[in-house]
Protein chains: 2
Amino acid sequence: MSEKRVRADARRNEDAVLEAAKAVFASSGVDAPVREIAAKAGVGLGTIYRRFPERSDLVAAVFRREVDTCAAEATALAESHPPGEALVLWLKRYTAFIATKRGLAAALHSGDPAFEKLPGYFRSNFEPALTALLDAAAAAGEVRAGVAAYDLLRAVGNLSIASDEDGPAYTAGMVDLLIDGLRFRAVRPAEK
Amino acid sequence: MSEKRVRADARRNEDAVLEAAKAVFASSGVDAPVREIAAKAGVGLGTIYRRFPERSDLVAAVFRREVDTCAAEATALAESHPPGEALVLWLKRYTAFIATKRGLAAALHSGDPAFEKLPGYFRSNFEPALTALLDAAAAAGEVRAGVAAYDLLRAVGNLSIASDEDGPAYTAGMVDLLIDGLRFRAVRPAEK
DNA sequence: ACATAAACGGATCAATGTTCCGTTTATGTC
DNA sequence: GACATAAACGGAACATTGATCCGTTTATGT
């Protein structure tokens with residue numbers, strides 16, 4: 001079923017709203033009022049609600065957009081870095097992404113139907129991205145083979161669950177350890 | 001500094017409010033409106049806000065009360081069951097407690113200052129309770145020694161993070177496995 | 001240039017968190 | 001038991017926010 005063409009001003013406003021929402025969530029938290037987002041985007045409330053029927057739909061859209069951006073960065077890194085380096089850089093990027101999702105995570109587990117498809121979206125975007133990086137790095141002999149992307153994604157997610165203020169340093173240190181664990185027992189091509 | 005005596009009707013209403021809040025959170029979710037809680041408790045809105053300056057203070061109070069109840073059950077179980085059995089029963093009770101805190105967990109991670117002392121309250125109540133049960137069970141040779149209560153509490157918490165509808169069954173099964181892991185390599189007193 | 005439909009935006013409404021203050025009641029003293 | 005007093009009560013009112021509605025504006029196709 002062909003999608004009805006969307007006007008240019010509608011596309012422009014949608015982008016503005018998503019950018020504004022991202023910035024407002026970062027500065028005022030994921031519970032910041034829609035009026036603040038509208039003011040920052042320079043649009044009316046009706047403009048936001050015409051495109052996002054409920055506030056949670058807007059939150060979910062921001063999340064999906066950031067998943068898209070982070071997943072796309074895997075391809076970009078693979079094109080400009082050696083396999084092992086690309087993998088490490090992306091895992092650090094992903095860890096940073098998870099860190100900024102703390103407040104969003106609370107909303108995600110609120111039971112709101114708008115969020116129920118997000119875990120799947122998350123997985124269907126990140127898993128292929130990381131699998132590609134892992135395969136390339138393993139083929140280059142820079143990491144061991146046989147590590148499932150999903151397991152790594154969950155591991156970083158779990159390691160990011162920290163209850164003290166030293167959380168970020170702890171998480172970064174543990175992710176470094178994880179990466180070194182990947183390197184250990186890598187099989188160099190010439191050794192095969 | 002001596003605490004000013006609180007009137008009997010004030011104490012009665014506070015209990016009524018906390019009981020009502022617990023029931024309303026269970027039936028309507030942790031975001032249920034204060035008006036619903038007031039109606040169920042049979043008090044006015046001013047009565048709630050006089051004792052709990054903000055809604056999040058009420059949520060935190062409900063949580064502390066349930067932590068108190070669950071922790072106290074450890075002592076009660078120890079008095080009426082053999083050590084190993086008391087340990088198992090309490091771990092299951094604790095698992096059930098964690099399960100009912102899903103919605104509350106979202107609120108807890110919202111960044112609200114009312115909740116920032118709760119992890120400490122949680123830990124300072126549950127850790128001694130579980131340590132006592134573990135020590136008694138180890139002394140009876142029913143479980144291995146050397147397992148930190150805090151590690152177990154966190155493990156059950158982490159195992160309770162499930163993203164599908166089979167979560168409860170999965171969690172129960174994994175907690176059973178954990179308990180069996182405790183039993184394995186228990187040192188019977190006569191074998192020492 | 002014009003017709004038309006998509007998009008806009010902000011006033012308005014409903015719901016909820018929170019405050020305020022006149023009224024009620026528990027408690028201590030005589 | 002009467003009385004004074006202060007603690008507690010409760011619901012109307014206020015502020016804020018999610019969401020809706022409809023007159024106006026603007027993008028787009030002919």
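1. A word on terms to begin with: contact means heavy atoms within 4.5 Å, and domain bounds come from an automatic or database domain assignment. This is a predicted model, in which local features need pLDDT of at least 70 and side-chain atom pairs count only at pLDDT 80 or more, while totals for chains, interfaces and linings use all residues. Residues are numbered from 1 along each chain as its sequence is written, chains are lettered from A and ligands numbered from 1 in the order in which they are written, and side-chain values use heavy atoms, with hydrogens and water left out.

2. Chain A is assigned domain 1 (1-51) and domain 2 (55-191). Their C-alpha centres are 27 Å apart. Across the boundary, 14 residues of domain 1 of chain A are in contact with nine residues of domain 2 of chain A.

3. The two domains of chain A bury about 950 Å² between them, 69% of it on carbon and sulfur atoms. Buried area here is the accessible area (1.4 Å probe) that two parts lose on being put together, summed over both. On the domain 1 side, Leu18(A), Phe25(A) and Val30(A) lose the most area, together 50% of what that side buries.

4. One salt bridge is found across this domain interface: the side chains of Glu19(A) and Arg65(A) meet at 3.0 Å, N to O. The rule asks for a side-chain nitrogen of Lys or Arg within 4 Å of a carboxyl oxygen of Asp or Glu.

5. Some individual distances may be handy. The side chain of Arg7(A) has an N or O atom 3.3 Å from a sugar or linking oxygen of DNA strand D. Gly44(B) instead uses a backbone N or O atom, 3.1 Å from a phosphate oxygen of DNA strand D.

Conventions:
Polar contact = N/O pair within 3.5 Å; in protein donor to acceptor, adjacent residues only side chain to side chain.
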